[in-house]
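Subject: Handing over a structure, with notes

Hello,

I am passing a structure on to you, and I hope you enjoy looking through it. Please have it open while you read my notes.

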Amino acid sequence: MTGENFKLKTRNLRKTYGSVVALADASIEMVEGEFLTLLGPSGSGKTTMLMAIAGLNDPDAGEIWIDGKQATYLPPFQRDIGMVFQNYALFPHMTIFENIAFPLKMRKMSEADIKANVGRVLETVQLSHVAERLPKELSGGQQQRIALARAFVYEPSIILMDEPLGALDKKLRDHLQLEIKHLHEQLGITVLYVTHDQEEAMVMSDRICLMNNARIEQLGTPDDLYFRPQTEFAADFLGESNMIECVVKTSTSKQISASGPDGAVFKALPNTQLNKGDVCKIMVRPECMSLLGARGKADNMVSATLNETIITGAVTKTYAQLANGQEITSTQLTTGPLGTTGKGSPIKFGWPADRTVALAAGGEAPA
Ligand SMILES: Nc1ncnc2c1ncn2[C@@H]1O[C@H](COP(=O)(O)OP(=O)(O)OP(=O)(O)O)[C@@H](O)[C@H]1O
Ligand SMILES: [Mg+2]
């Protein structure tokens with residue numbers, strides 16, 4: 001294998017700590033300038049993967065390629081990789097200017113170039129006015145922006161970021177998400193980012209690598225993961241989902257059809273892993289379902305009993321129950337006051353086949 005055409009490539013990376021498997025079979029490929037996010041719950045192996053790529057832990061097995069060169073055993077400083085962690089890690093005794101200048105000095109850049117480069121990144125993170133302060137004279141959010149500036153200033157070819165916004169409040173986080181995106185776009189640096197916040201991953205990434213229990217669960221665009229999750233875990237992790245237990249009737253390269261409760265038949269995007277007779281779960285996002293009138297038609301439809309309708313603000317949520325007790329949630333933009341239908345009324349939902357996925361499900365066929 002070679003890493004050609006990829007900025008960064010890992011193959012079957014594996015790392016254990018005693019009997020704990022922290023990372024297994026981790027293979028990713030990143031093209032130059034890509035923004036890829038490792039997303040997953042606590043303990044799923046995100047930091048372990050980042051540390052292996054940075055050269056800060058030794059993988060038990062597998063390979064790392066950077067710029068077409070085998071880098072698995074290179075020492076960290078030969079990898080041309082910058083890192084930003086959750087807790088700023090600025091040098092406390094140096095001014096902000098000196099902190100950002102540090103990596104440039106290490107690379108023996110001229111005084112004049114250092115001044116120009118530090119000035120430029122300070123402007124980008126809008127903190128030119130704090131150049132002469134010490135880190136302790138800055139707020140947490142400001143310190144984190146300086147940490148970002150320091151990672152970007154020497155334009156490493158890859159930047160690894162481990163939950164760099166994790167310690168900040170939501171407003172600042174939203175703001176810095178955009179700032180990181182702008183830095184990334186301006187400088188064209190390849191970024192491997194870590195978060196356990198699915199919204200952050202959706203906002204920032206070209207692609208998302210969803211991790212679960214030391215393994216890659218699914219790797220794809222935000223769109224792929226959100227609308228075409230391949231597993232129940234992926235569907236659940238990336239937002240709200242409705243799942244209906246079904247049995248596969250037909251499975252072709254174009255479409256799945258599956259029978260559900262009350263004789264309903266659903267059409268879904270193809271899934272080559274499923275065969276006729278398999279138990280599966282049909283998944284649809286709440287916002288893809290519409291409320292249908294009695295004569296309304298859609299690719300997929302279910303009849304249910306209304307439990308509750310709640311206006312949460314811009315969005316109205318409708319909670320209902322199928323005859324077999326399964327709950328369904330649908331969300332719609334709030335366009336006006338609630339109608340007069342109350343709890344217990346019959347209600348019908350419809351949604352398109354191309355917003356429906358069929359997921360493999362273990363266990364017995366539903367009655
Ligand atoms: N130095 C270590 N010694 C022993 N076990 C470790 C060590 N570092 C990580 N682990 C274990 O490896 C697994 C993966 O940890 P890792 O830090 O990669 O998770 P993570 O996805 O970054 O989680 P978080 O979102 O909490 O940061 C966990 O089960 C963790 O307990
Ligand atoms: Mg971590």
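Below is what was found, going from the whole chain down to single residues.

A word on conventions first. This is a predicted model, in which local features need pLDDT of at least 70 and side-chain atom pairs count only at pLDDT 80 or more, while totals for chains, interfaces and linings use all residues. Residues are numbered from 1 along each chain as its sequence is written, and chains are lettered from A and ligands numbered from 1 in the order in which they are written.

**The chain as a whole**

The chain has eight helices and 20 strands; helices (H or I, at least four residues) and strands (E, at least two) are DSSP runs, numbered from the N terminus. Along the principal axes, its C-alpha atoms fill a box of roughly 75 × 50 × 35 Å. Of the 367 residues, 36% count as buried. Here buried means that 20 or more other C-beta atoms lie within 10 Å of the residue's own; exposed means 12 or fewer, partly exposed is in between, and C-beta atoms are placed from the backbone. Contacts are pairs of residues whose C-beta atoms, placed from the backbone, lie within 7 Å. Among contacts with a separation of 6 or more, 66% are between residues 24 or more positions apart.

**Around the ligand**

Which residues surround ligand 1? The shell consists of Tyr17, Val20, Ala22, Gly40, Ser42, Gly43, Ser44, Gly45, Lys46, Thr47, Thr48 and His196, where a residue counts as near if its C-beta atom, placed from the backbone, lies within 6 Å of the molecule. Two or more of these residues come from each of β2 (20-30) and α1 (46-54), and α1 gives the largest share, three residues. By class, the shell has three nonpolar, eight polar and one charged residues. For those classes, Ala, Val, Leu, Ile, Met, Phe, Trp, Tyr, Cys and Pro are nonpolar, Asp, Glu, Lys and Arg are charged, and the others, Gly among them, are polar.

**A sheet of four strands**

β2 also belongs to an open sheet of four strands, with the order β2-β1-β4-β5 and antiparallel pairing. Strands pair if DSSP finds at least two bridges between them. At the edges are β2 and β5 (69-70), each pairing on one side only. Between β4 (residues 61-66) and β5 there are two bridges, and Ile66 has Lys69 as its bridge partner in β5. Helix α1 packs on this sheet, where it touches β1 (8-17), β2 and β4, and its direction makes about 120 degrees with that of β1. Such axes are lines fitted to C-alpha atoms, for helices over the stretch in contact, and angles run from 0 to 180 degrees between N-to-C directions.

Another open sheet, of six strands, has mixed pairing and the order β6-β7-β8-β3-β9-β10. Its edge strands, β6 and β10 (215-220), have a single partner strand each, so one side of each is left without a neighbour in the sheet. From one strand to the next, the twist averages 20 degrees. Five bridges link β9 (residues 207-212) with β10 in the antiparallel sense; one pair there is Leu210 with Gln218 of β10.

Helix α4 lies across β6 and β7, running at about 175 degrees to β6. Eleven of the 14 residues of α4 are buried, so the helix is largely enclosed by the rest of the structure. Those buried residues pack against β6 (81-84), α2 (96-106), α3 (111-124), β7 (158-162) and α5 (170-187). Just after α4, Glu155 takes a positive phi of about 45 degrees.

**Leu90**

Where is Leu90 placed? Leu90 is in the loop between β6 and α2, and it counts as buried because 21 C-beta neighbours lie inside 10 Å. Leu90 touches Asn99, Pro135, Gln143, Ile146 and Ala147, leaving aside residues up to four places away in sequence. Of these, Gln143, Ile146 and Ala147 are among the buried residues of α4. Although Leu90 and Gln143 are 53 residues apart along the chain, their C-alpha atoms are separated by 7.6 Å.

**Strand β19**

Finally, β19 (residues 346-351) has Ile347, Phe349 and Trp351 on a covered face, and Pro346, Lys348 and Gly350 on an uncovered one. Antiparallel to β19 runs β15 (residues 290-292), joined by three bridges, with Ser290 partnered by Gly350. β16 (residues 300-311) pairs with β19 over six bridges, also antiparallel, and Ser303 stands opposite Lys348.

Best wishes

Note on methods: Contact = placed C-beta atoms within 7 Å.
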